Amino acid sequence: NPGGTNVLVVRVDASRFEGWFYEGAGIYRHVWLSAANPVHVAEWGTFVATTSLSGSNATITVQTDVTNQSGLATANGSLTSTIFDANRNPVATVTSAVSVPAGQDLVVTQTVMLTANLWSLQTPYLYNLQTTVSNQSTVADVYNTPFGVRTVSIDSTNGVFINGQHVWIQGMCNHQDMAGVGSALPDRLQYYRIERLMEMGCNAYRSSHNTPTAELLDACDRLGMLVLDENRRI
């Protein structure tokens with residue numbers, strides 16, 4: 001009802017079966033209403049990868065899904081990806097021309113070179129990718145994606161390597177609920193849990209047995225914790 005009163009209802013149906021553990025019920029995570037220009041970065045529409053690393057010289061590949069939910073094709077559009085360091089200083093940028101047909105998506109791949117501070121368990125350095133979509137020189141959307149520059153490899157004989165350095169995995173399996181609180185956790189408790197596990201010597205977190213909340217994954221990224229990210233059926 002444009003210009004009038006609208007009612008948005010969010011409902012959870014918790015009547016279906018559970019797994020073999022208590023999963024919680026109801027709305028126990030954040031619920032967000034996102035408003036955007038018809039031409040915008042799709043939800044979870046960015047993917048950042050360290051495609052090569054030599055010392056601190058990294059090649060970063062960015063894939064961005066731009067969606068056009070309008071009735072008109074974009075004209076003279078552009079996609080700018082700017083990388084900011086931890087001090088919010090721009091350190092790399094690349095711009096590509098884009099034209100997205102009406103009602104369709106376009107995945108744009110860009111590559112930048114970066115002399116990087118590497119993400120590791122000891123120094124979990126994070127950059128921020130700021131994606132700007134413009135349509136006829138007018139900014140249509142700005143989308144932010146935090147990420148770390150690192151390589152991860154797994155060898156069946158020798159184990160896990162981060163940035164070429166061997167890492168002994170010392171992990172624990174944790175359900176999403178917190179004793180005495182339940183499943184509806186304040187964001188601070190997500191950080192508290194990871195901090196306490198790290199004090200115990202853990203460097204890896206297995207989420208059991210459903211997809212972890214985004215705030216927990218943010219805590220792991222920022223504090224320096226590896227994650228085995230499960231889904232509900234594992």
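Biologist: Which element supplies the largest share of the lining of the largest pocket?

Modeller: Please keep in mind that this is a predicted model. The largest share comes from β1, with 10 residues. Strand β1 covers residues 39–54.

Biologist: Which other elements supply at least two residues each?

Modeller: Besides β1, they are β7, β8 (152–155), β9 (159–162), α2 (214–223) and β13 (226–228).

Biologist: How many residues line that pocket, and which lie nearest its centre?

Modeller: The lining has 45 residues, and those nearest the centre are Trp-44, Pro-146, Ala-214, Leu-217 and Asp-218. The volume of this pocket is about 2000 Å³.

Biologist: How does the lining divide by class?

Modeller: It divides into 28 nonpolar, 9 polar and 8 charged residues.

Biologist: What about the volume of the second largest pocket?

Modeller: The second largest pocket holds about 460 Å³ of space. It is lined by 15 residues, and Asp-13, Glu-23, Gly-24, Tyr-28 and Arg-232 are the closest to its centre. By class, the lining of this second pocket has 5 nonpolar, 4 polar and 6 charged residues.

Biologist: How many cavities of 30 Å³ or more are there?

Modeller: The count is 1 cavity. The largest cavity has about 30 Å³ of space, and its lining consists of Phe-21, Tyr-22, Glu-23, His-175, Gln-176, Asp-177, Ser-208 and Asn-210. In that lining, 2 residues are nonpolar, 4 are polar and 2 are charged.

Biologist: Let us turn to helix α1. What end-to-end span should its 13 residues have?

Modeller: Helix α1 runs over residues 187–199. At 1.5 Å a residue it should span 18 Å, and the end C-alpha atoms are 19 Å apart, which agrees.

Biologist: Which residues of α1 are buried?

Modeller: They are Gln-190, Arg-193, Ile-194 and Leu-197. These residues are on the same side of α1, because they cover an arc of only 90 degrees around the axis.

Biologist: What covers them?

Modeller: The cover of the buried residues of α1 includes β11, β12 (204–207) and α2. After the helix comes Gly-201, whose phi is positive, near 100 degrees.

Biologist: Where is Asn-174, and is it buried or exposed?

Modeller: Asn-174 is in strand β11, residues 171–174. It counts as buried because its relative accessibility is 14%, and the cut-off for buried is under 20%.

Biologist: What is Asn-174 in contact with, leaving aside neighbours within four places in sequence?

Modeller: Its contacts are Arg-193, Leu-197, Tyr-205, Arg-206, Ser-207 and Ser-208. Among them, Arg-193 and Leu-197 are buried residues of α1, and Ser-208 is one of the residues that line the largest cavity.

Biologist: Now for another residue. Where does Ser-137 lie, and is it buried or exposed?

Modeller: Ser-137 is in the loop between β6 (127–135) and β7 (138–147). Its relative accessibility is 72%, so Ser-137 counts as exposed.

Methods:
Residues numbered from 1 in each chain as written. Predicted model: local features only at pLDDT ≥ 70, side-chain atom pairs only at ≥ 80, totals over all residues. Heavy atoms only, no water. 1 Å grid on protein atoms, 1.4 Å probe; cavity = no way out; pocket = protein on both sides within 12 Å on 5 of 7 lines; lining within 4 Å. Points joined across faces, edges and corners; volume = space filled by probe spheres on them. Nonpolar A, V, L, I, M, F, W, Y, C, P; charged D, E, K, R; others polar. Helix = DSSP H or I, 4+ residues; strand = E, 2+ residues; numbered from the N terminus. Buried < 20%, exposed > 50% of the residue type's maximum accessible area, 1.4 Å probe, protein only. Contact = heavy atoms within 4.5 Å. Expected span 1.5 Å × (residues − 1). Arc of directions from axis to C-beta.
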